[in-house]
Amino acid sequence: MAAQLWVLNAGYVGDRVASTVALLRDGDTTVVVDPGMVADRQQILGPLADLGVGPEDVTDVIFSHHHPDHTINAALFRNARYHDHWAYYVDDQWVSRDAEGFALSDAIRLIRTPGHTAEDITTLVDTADGLVALTHVWWHAEGPPKDPFATDGVALSASRARVLALNPVLIVPGHGPAFTPDPTTPR
């Protein structure tokens with residue numbers, strides 16, 4: 001089975017900041033990844049509507065980590081389960097589970113990738129084109145080579161190596177357009 005992926009908003013970082021927000025679909029599973037800061041909520045809701053998806057149709061929301069620039073628009077999706085590194089949440093339920101290896105569907109799963117924060121996770125998606133990694137171990141294609149806000153640079157390097165060892169055909173980073181990893185991708 002293969003999931004579909006759309007980047008709803010390619011993030012950026014500089015004088016202003018926006019997260020990269022993505023939509024995943026696998027059968028009945030409809031996922032928004034990192035619904036964080038954007039210049040206007042329509043940068044999330046507009047592309048969803050263009051794809052025939054309403055906020056109420058989203059079954060799951062994944063946070064790569066808990067910084068506000070990746071979470072602030074989560075309330076747009078009132079019917080969703082919310083996933084982080086150690087649990088998922090539905091209404092007033094806190095369901096403890098480790099993100100490592102947790103599958104949301106046959107084609108969408110989570111792994112731990114600490115470094116930027118100790119709690120970072122990466123979403124792995126099996127698509128028709130191959131494996132895609134949605135991750136904050138890179139902000140954008142150029143890295144940065146050394147994450148200036150990383151809580152653990154050694155763990156970040158190990159997480160980058162782990163993701164690259166999976167041979168993804170595409171990486172969707174935390175604050176930039178999707179890119180194809182190559183030998184110049186920061187390690």
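Two strands count as paired if DSSP finds at least two bridges between them. Helices (H or I, at least four residues) and strands (E, at least two) are DSSP runs, numbered from the N terminus. The model you have open is predicted, so local features need pLDDT of at least 70 and side-chain atom pairs count only at pLDDT 80 or more, while totals for chains, interfaces and linings use all residues. Residues are numbered from 1 along each chain as its sequence is written, and side-chain values use heavy atoms, with hydrogens and water left out.

**Stop 1: the open sheet**

Select β10 (108-112) and then β11 (residues 121-127). These two strands run antiparallel and are joined by five bridges. Show the side chain of R109 and look across to β11: L124 stands opposite.

Now bring in the rest of the sheet. It is open, has four strands in the order β10-β11-β12-β13, and its pairing is mixed.

**Stop 2: helix α2**

Select residues 153-165 next. Helix α2 has 13 residues and reaches 18 Å from its first C-alpha to its last, close to the 18 Å expected at 1.5 Å a residue; the expected span is 1.5 Å times one less than the number of residues. Which residues of α2 are buried? Colour A155, L156, S159, R160, V163 and L164. Buried here means under 20% relative accessible area, exposed means over 50%, and partly exposed is in between (1.4 Å probe, protein chains only). The cover over these α2 residues includes β11, β12 (130-134) and β13.

**Stop 3: helix α1**

Jump to residues 42-50, which make up α1; its buried residues are I44, G46 and L48. β1 (4-9) and β4 (21-26) are among the elements covering them. Just after the helix, click on G52, which takes a positive phi of about 80 degrees.

**Stop 4: D26**

Stay with β4, where D26 is found. D26 counts as buried, at 6% relative accessibility. What does D26 touch, leaving aside neighbours within four places in sequence? Its contacts (heavy atoms within 4.5 Å) are M1, A2, A3, S105, D106, A107 and I108. The C-alpha atoms of D26 and A107 are separated by 6.8 Å, although the two residues are 81 apart along the chain.

**Stop 5: the rings**

Rings of Phe, Tyr and Trp (its six-membered ring) pair if their centres lie within 6.5 Å; planes under 30 degrees apart count as stacked, over 60 as edge-to-face and the rest as tilted. By this rule there are six aromatic pairs. One of them is F63 and Y82, stacked at 6.1 Å centre to centre with 15 degrees between the planes. F63 sits in the loop between β6 (60-62) and β7 (81-83), and Y82 in strand β7, 19 residues apart. Both are buried: F63 at 8% and Y82 at 17%.

Next, show Y89 and W94. Their centres are 5.1 Å apart and their planes at 80 degrees, so this pair is edge-to-face. Y89 is buried at 18%, whereas W94 is exposed at 51%.

Finish with two arginines. R81 lies over the face of Y88, 4.8 Å from the ring centre, and R97 over that of F102, at 4.6 Å. A charge sits over a ring if NZ of Lys or CZ of Arg is within 6 Å of the ring centre and within 35 degrees of the ring normal.
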